[in-house]
Amino acid sequence: MSFSTALAHHFLPETILALGVLALILIGAWRGTRAFGLVNELAAGLLGLAILALFFGQTSEASLFEGAFVDDAFARFVKVLTLVGSLVTVLMSRDYLQRAKLGNFEFPVLVVLSTIGMLLLVSADNLIALYLGIELMSLALYVAAAFDRDDARASEAGLKYFVLGALSSGMLLYGASLLYGFSGTISFDGIAKAITGAPPLGVIFGLVFVLAGLAFKMSAAPFHMWTPDVYEGAPTPVTAFFASAPKMAAVAITTRIVFTAFPGIVGQWQQIVIFLAIASMLLGSFAAIGQTSIKRLMAYSSIGHMGFALVGLAAGNEAGVRGVAIYLAIYLVMTLGAFAAILQMRVEGRPVEKISDLSGLSRNNGTAAFFLAMLMFSLAGVPPLAGFFAKYYVLLAAVDAGLYPLAIIGVLASAISAFYYLRVVKVIYFDEPAPAFDQSPLSLRAVLAVSTVFLLGFWLYPAPVVEAATAAAKSLF
Amino acid sequence: MIQAIVFLPLIGFLIAGLFGRRIGARASELVTTTLLFIAAGFSWIVFFDVALGHGHASAPVLANWFTSGKLSVDWALRVDSLTAVMLVVVNTVSALVHFYSIGYMHEDPSRPRFFAYLSLFTFAMLSLVTADNLVQMFFGWEGVGLASYLLIGFWYQKPSANAAAIKAFVVNRVGDFGFALGIFLVFQLTQSLSFEQVFAAVPGIAGHKIHVFGADFDALTLATFLLFIGAMGKSAQFLLHTWLPDAMEGPTPVSALIHAATMVTAGVFMVARLSPIFEYAPDTLAFVTLIGAITAFFAATIGLVQNDIKRVIAYSTCSQLGYMFVAEGVGAYSLGVFHLFTHAFFKALLFLGAGSVIHAMHHEQDMRNMGGLWNKIPFTFAMMTIGTLALTGVGIPGTELGFAGFFSKDAIIEAAFAAGEHRSVAYLAFISTVVAAGLTSFYSWRLVFMTFFGKAKESHADARAAHGHDDHTHADAHAHGHDDHAHDDHGHGHHAPHESPIVMLIPLAVLAVGAVAAGAVFMGDFAGHGYDEFWKGALYTGHDNHILHAMHEIPHWVSYAATVMMILGFLGAFFVYQLAPGTAQKIAHAFPRLYRFLLNKWYFDELYDAIFVRPAFALGRLLWKGGDGRIIDGLGPDGIAARVVDGARLAVKLQTGYVYHYAFAMLIGVAAVVTWFVAGGLR
């Protein structure tokens, strides 16, 4: 297989985005401030094209760039999720940014750049590629967080995220250097071959630091601290992006690295993952109760959900990975739907983000109220909505792996978290109506409707998602 | 036909209960009442066929209820002479009470509910009397208890009515507990609960011992004793009687139907029905006699001083139930049932008459505020007088002339004396019933004198001031032709006593016929020469039980004793309340302790309050506040919720907003995990 055919077959989405984003920058430079609409549409087109390329592209497994890049079913599954997250973010952001006088062409460009980083990250097969993917993703995200640069909260959010992100990158690099030092290789496969039996303490250190760096990106406790502040401070479309696509990539690379680089020390990394999972689930459940801002609520919600995804990972087997993959897919739909609803929260032209602003939504806008209520039920994990099955698959894997305490804590955390999700439903349906929201653009309503229908209908026809997730999990073993 | 008798009231209940709001009050009344009259008509046909005619007893099985191991219980409708008697009593009184209630309740907004409950009660009572096994009987037993609870608390806005309903329910639970235990024991002894099989097995297990609580008991004595506890609760016998007077909080037709004629006699019926078992448990029968004797006397003494017209009759009911148990205790089951039969007529008559008085007095129940009513409501007065004559047992000894109570009550007194030859407790019963007969006469005539004679007190000063209609009082005083509408128009305008509408008077007349004639007509069948043809074996008497013959061979003075006491009672009341008004107060002042003792009903309520209610409340409060509130809620729901809130507060507090805090948290996290592994490595 020549280099060019390999590129065409296994690196096509990345190629499309990389070439496309250069064109977008040129268009933006050429047309200046008027370029936003066009660039936004083109970015959406690029992302859509990349998804099509994945759907109709290769189904074989291949390793490119001297083992730095791997294209397998797992990578493709997560890439589709990531691209969907980015695509929907771009579609949802246009109206909000234009109204907020933030209609600059850089935003779609940043999203696409970050997405390239995520795709590289998902496929990374050695430590250098891992680091490059993370940094490409994160650098674009730092800027995006502070995109509303005249707003103090957004600037603060961007700065905090950058400083802490730098710290986490440092940890990651320190861990990577330790791993290289003890195994003599940067390749995941090579590390797996080098580390067998009882590992030296240095390897454990490396493992801990690498996982800490990755946990930061997926905002798992106790590396989550930036999440609420950034979610609240950043413009809402940016928050929606933060909550969706990067999470996919971060969980995916964590899954890949523990299974391909550390299959010999499952017992060790399992303990770390269990720790992260429990801390995240509990924190996500407890801290969200005290929130009044829906964006902060979603921040803690995403922390909790990452904890659940890690429950599947902690199982340490193929069923667990399948659970993680399903969880990611359903979490993505729930998050995008929820942010589509949050983006609709606009009274007399100004965005609002308090939970109390949703009061009596059922009487002002029954359809949106129903959709949002269903989303909340799904986030809480109420059967037969999809959110229930997401939790079901990861908890099932954990129970099958004998991790009963973890599963029990998961169920309890889920019960506690139900409180704040259901409170939103109560506010929507039973409180005195707050001022009605403005008419919202079609894109937001469409995203909300489609995501809710997906969540409601998942139990009727789960096969496509479950089969793809099963294939993805198989490719890691 | 028997199916129709039992299920027509159920249909009425379902129609009035489920669709009462939709079809309206008038339709509910008509439907339930019509169905009840049909059922009553069928009941008389059955009575003439099975009891008086040559029809055979039968027990058609409707369906299997449940089968579990050896225990198999069917729904079956047993029809024999005893059931036929009860069917007649229940359905006749129930139909008349339904009819009467159309008039009595016509101002009440929730009539559909009332008639639905009445029909439900009737259905439950019918399933009780047609039961062919103990479980079905228990079903009816609990069903009437439920209906009684609902009807006592019918005016649920009144706290006193709710309290009375709860009291009735709880006191009956005590009895039902005994009944249930009795059923268990019977099943354990005979491996069956169907009457046929149980009765067949009883002679074989007579004398068996059962070992309970470290002592040996005669098995049948214990079983019948427990069953009788149930009867005591339902029939408001001594120690478990406290609920019955309070039950008068319910509407008066309810008191007539449930708390005089039918439900409270369920205990009497049960003992009669189970006579094949009780006959093998002489000790229990002695206990039955004793309880009956005490109740007959004790309730009569309280009746002497009560001032609420319904409570007087309620204590009278209690006392008469005591008579019935005395009869059954000495082995004269037929006399018990006979008294049940006659009592149903005259006591329902008295209650409905009292209802008519109350109606006339605009819901005044205190007799001290009545008086001089005889010429204002003459028809009611006449009916009440007939009821009183029947209750006190007026008749000429040695002849066949007398009111209903004369036959049944005097026969019981004679039977008690006759049984004294074998059992000394029966002499006690004899003395107690004879004394009670005098007391009964006294309080009954006291009621009549206080209500219908003396000075009219209905237009007392405050009523005058409140309504300012004193000039009209006499204009409407003789309005006994009033119909419903006329009453509606000025029902609450002024306090002129007025005769009740015709719809309330017809039932009084019908019952009066029964009160006059039921004794003379049926005495021979129930307890005389027609005994065997009438009962056809529905009641069982042991080989050496010759009480019905022995009672005819007693000294003559015994027969006259009751009549003499009755006359003395009448004279006493006549003297105290007619010839020398004010004597009552003088007597009360002369014996203040005795008066208060009787007025406060022997202090039973206070005693139970101290022994059971307050400790139960204290225990309940301890478990509620301490056990449930502090321990379960504290550690459970509330505690967890509080901890969750604490956790949320802590988590929010950690989120300070300072970057260095966040960085610190990350490093702590890493340090913690590394420490974990290092510590693990050292181990």
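Helices (H or I, at least four residues) and strands (E, at least two) are DSSP runs, numbered from the N terminus.

This is a predicted model, in which local features need pLDDT of at least 70 and side-chain atom pairs count only at pLDDT 80 or more, whereas totals for chains, interfaces and linings use all residues. Residues are numbered from 1 along each chain as its sequence is written, chains are lettered from A and ligands numbered from 1 in the order in which they are written, and side-chain values use heavy atoms, with hydrogens and water left out.

The secondary structure of chain B comes to 28 helices and four strands. Of its 683 residues, 58% are buried, a class defined by a relative accessible area under 20%, with exposed meaning over 50% and partly exposed the range in between (1.4 Å probe, protein chains only). Among contacts in chain B with a separation of 6 or more, 78% join residues 24 or more positions apart, contact meaning heavy atoms within 4.5 Å.

The largest nonpolar core holds 208 residues, of which Leu335(B), Phe341(B) and Trp535(B) touch the most other members. Helix 14 (residues 333-360) of chain B gives the most to this core, with 18 residues. A second, separate core of 203 residues includes Ala35(A), Val251(A), Val333(A) and Leu375(A). Such a core is a set of buried Ala, Val, Leu, Ile, Met, Phe, Trp, Tyr and Cys residues joined through side-chain atoms within 4.5 Å. Once neighbours within four places in sequence are set aside, Leu335(B) is in contact with Ala327(B), Ala411(B), Ile412(B), Ala415(B), Ala527(B), Leu548(B) and Met551(B).

Arg311(B), a residue of helix 13 (residues 309-329) of chain B, is buried, with a relative accessible area of 17%. Not counting residues up to four places away in sequence, Arg311(B) touches Pro245(B), Asp246(B), Met248(B), Gln306(B) and Lys601(B).

### Helix packing in chain A

Helix 12 (residues 245-260) and helix 15 (residues 318-343) of chain A pack at an angle of about 175 degrees, with their axes 10 Å apart. Helix 12 of chain A is therefore roughly antiparallel to helix 15 of chain A, a label for angles over 145 degrees, while those under 35 count as roughly parallel, 65 to 115 as roughly perpendicular and the rest as oblique. Axes are lines fitted to C-alpha atoms, for helices over the stretch in contact, and angles run from 0 to 180 degrees between N-to-C directions. On the helix 12 side of chain A, Lys247(A), Met248(A), Val251(A), Thr255(A) and Phe259(A) meet Val321(A), Val324(A), Leu328(A), Tyr331(A) and Leu332(A) of helix 15.

Helix 11 (residues 236-243) of chain A has eight of its eight residues buried, so it is largely enclosed by the rest of the structure. Among these buried residues are Thr236(A), Pro237(A), Phe241(A) and Phe242(A).

### Backbone features in loops

Two cis peptide bonds can be described in chain A. The bond from Ala221(A) to Pro222(A) is cis, with omega near 0 degrees, and Pro222(A) lies in the loop between helix 9 (201-217) and helix 10 (226-233) of chain A. A cis bond also joins Pro383(A) and Pro384(A), with omega about 5 degrees, and Pro384(A) is found in the loop between helix 17 (366-380) and helix 18 (386-400) of chain A.
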